[in-house]
Amino acid sequence: MFVRAGSYATARINVMKINNIFHRGERDVSILTPPYVIAEAGVNHEGDMSIARRLIEEAAEAGAHAIKFQTYKASTLASKNSPSYWDTTKEPTKSQFELFSKYDKFWKPEFEELKKQCDIVEIEFMSTPFDLESANFLSDLVDVFKISSSDITNKPFIKNIAAFGKPIILSTGASSCEEISEALEWVGLEKIPVALLHCVLNYPTLDGDAHLGMILGLRKKFPNAIVGYSDHTMPGNMKNLEIATLLGAQILEKHFTHDKSLQGNDHYHAMDKNDLRVFFSRIRDVQAVMGQEEKDILDVEQSARLNARRSLVARRRITQGSSVSEADLTWKRPAHGVSPKYIDEVVGRISSVTIEEDDIITWDMLN
C-alpha cells in the first residue's frame, strides 16, 4: 500500500473524511480546526491516465485529503463561439470549446479506475460534473458533489444535483450574495449540508484581488453553511491558504499539478506536491503558535504567576496588637503572601505578631 509522507498528514486523513466536515454538528467550528484540503487536479492529466495516477499519488503523498477532477464533454459545456476568460499569455487558446475539447477524453470507465486508485492510496476521490450524464455516474463514486462557480445560476442543474441527496460544495466566484442565496434555495439548505467556497473567478488571481476577507463575510451572511476557500492565486509560499485557514476556512481547494513548468491549462497557477508540503508545514507551525482556544493558566506561566505578581508588604513597622491601616501597606513582588486583591479584608485586622518594614504579609500574621 502507498504510504503517506509525514505523521501529521497520516493522522489527519484518518479523522478528516469529508463527511465529518458536514456532519460534525457544529457549523461555526474553531479557526484552530485543521482545514480539509482538496488538490484540484481538474484536467491537468491532459487525457493521460498515467499522469492522472501520478497526480493522485503525489497529492496523497503531500498530505491532501482529497483529489478532485473535472468531468465534462466540450460539446455539452460550451458553444463553439465561447470566448476565453483566462490569461491568454499563459494559455493561448482563445475558445473555450477548443480548449475543453483537448481535455474531455476521460469518462465513466476512466473515473472508475481513478476512484480505485484513490482508494488504494487513501485519498478521497472527487470530481466536478458539468452535465447531468456525468453527475449520474459520478454519484456512485463520490460522497460529496462539487458545483463550479460557473454553474451557480444554473437552476435546473443545481436542483438535479441536490436530488442525489448528498452534501454539496459550491464555489461562489463572480457571484453576489443574492445569487448565492438563490442557489441555496434550489439546493434546500435545510435538508442538504452545503459548503460555500470563496473564490475569485480569474486565472491567475493577483494577491491584491484575492479578497480573503470575503471568507468572513460568507461566514457572517450564511451562518448555516460551512465556509471554505478555492484559491486561484500563484502558489508562492502558500501564504494565502494559510491566511484563509486563520480566517476560518474549513475547506481549502487549489489547483494541483505534477509539473508547474508545463504551459497552458491550469498548470501555471497550480501548486505541486512540494508547495502542498510547505503549506502543511507552515500551518503546523501556525497551529502550534495558536495553541488552545480556551483562556486558562498555562503550566509555563506558573513560575511567573508566583514570582511576578505582588503581595501586600509592610510599608513600615507594625507592632503586635496594632490595627493594620492602609497606610501601613504597599505591594511588591513576589506573590508569596496575601494578594493585594484582599487589601479590604486586611485593613482593620489586628497584627498577631510584630511585622517589620518590607515583610511580606501572610494570613498567619493577622487575627
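A residue counts as buried when its relative accessible area is under 20%. By that criterion A314, with a relative accessible area of 3%, is buried in this predicted model.

**Helix packing: α8 and α9**

- Two packed helices are described by the angle between their axes and the distance between the axes.
- For helix α8 (residues 155–162) and helix α9 (residues 177–187), the axes come within 8 Å and cross at roughly 40 degrees.
- That angle makes α8 oblique to α9, and the crossing of α8 past α9 is right-handed.
- On the α8 side the contact is made by K155, I158, K159 and A162, and on the α9 side by A183, W186 and V187.
- Sorted by class, the residues of this contact of α8 with α9 comprise five nonpolar and two charged, with no polar residues.

**Helix packing: α3 and α12**

- Helix α3 (residues 49–62) packs with helix α12 (residues 273–290) at an angle of about 20 degrees, and their axes are 8 Å apart.
- Angles under 35 degrees count as roughly parallel, and α3 and α12 are therefore roughly parallel to each other.
- The crossing in which α3 passes α12 is right-handed.
- Helix α3 contributes E58, A59, E61 and A62 to the contact, while α12 contributes K273, L276, R277 and F280.
- Four nonpolar and four charged residues form the contact of α3 with α12, and no polar residue takes part.

**Cis peptide bonds and positive phi values**

- Most residues other than glycine have a negative phi, and most peptide bonds are trans.
- The peptide bond from Y203 to P204 is cis, with omega near -10 degrees; P204 belongs to the loop between β6 (194–199) and α10 (214–221).
- The loop between β6 and α10 also holds H211, a residue that is not a glycine and yet has a positive phi of about 50 degrees.
- With a relative accessibility of 46%, H211 counts as partly exposed.
- A cis peptide bond also runs from R333 to P334, with omega near 0 degrees; P334 is placed in the loop between β10 (329–332) and α14 (343–346).
- A174, a residue other than glycine, has a positive phi near 60 degrees.
- The position of A174 is in the loop between β5 (168–171) and α9, where A174 is exposed, with a relative accessible area of 69%.

**Helix α11**

- Within helix α11 (residues 239–246), the residues N240, L241, E242, A244 and T245 are buried.

**T257, between β8 and α12**

- T257 is located in the loop between β8 and α12, and its relative accessibility of 0% places T257 among residues that count as buried.
- A polar atom of the T257 side chain lies 3.1 Å from the backbone nitrogen of D259.
- With neighbours within four places in sequence left aside, T257 is in contact with N44, L55, H267, A270, M271, D272 and K273.
- One of these, K273, also belongs to the α12 side of the contact with α3.

**S171, in strand β5**

- S171 is part of strand β5 and counts as buried at 3% relative accessibility.
- The side chains of S171 and K146 are joined by a polar contact of 3.2 Å.
- Apart from neighbours within four places in sequence, the residues in contact with S171 are K146, I147, S148, S149, I152, L197, C199, S230 and E253.

**A314, in strand β9**

- The buried residue A314 is found in strand β9 (residues 311–314).
- Neighbours within four places in sequence excluded, A314 is in contact with D328, I355, E356, E357, D358, D359 and I361.
- A314 and D266 are separated by 48 residues in sequence and by 74 Å in space, C-alpha to C-alpha.

Terms used
Residues are numbered from 1 along each chain as its sequence is written. This is a predicted model: local features need pLDDT of at least 70, side-chain atom pairs count only at pLDDT 80 or more; totals for chains, interfaces and linings use all residues. Side-chain values use heavy atoms; hydrogens and water are left out. Axes are lines fitted to C-alpha atoms, for helices over the stretch in contact, and angles run from 0 to 180 degrees between N-to-C directions. Helices (H or I, at least four residues) and strands (E, at least two) are DSSP runs, numbered from the N terminus. Angles under 35 degrees count as roughly parallel, over 145 as roughly antiparallel, 65 to 115 as roughly perpendicular and the rest as oblique. A crossing is left-handed if the near helix is turned anticlockwise from the far one by less than a right angle, and right-handed if clockwise. Contact means heavy atoms within 4.5 Å. Ala, Val, Leu, Ile, Met, Phe, Trp, Tyr, Cys and Pro count as nonpolar, Asp, Glu, Lys and Arg as charged, and the others, Gly among them, as polar. Buried means under 20% relative accessible area, exposed over 50%, partly exposed in between (1.4 Å probe, protein chains only). A polar contact is a pair of N or O atoms within 3.5 Å; within protein, one must be able to donate a hydrogen and the other to accept it, and residues adjacent in sequence count only if both atoms are side-chain atoms.
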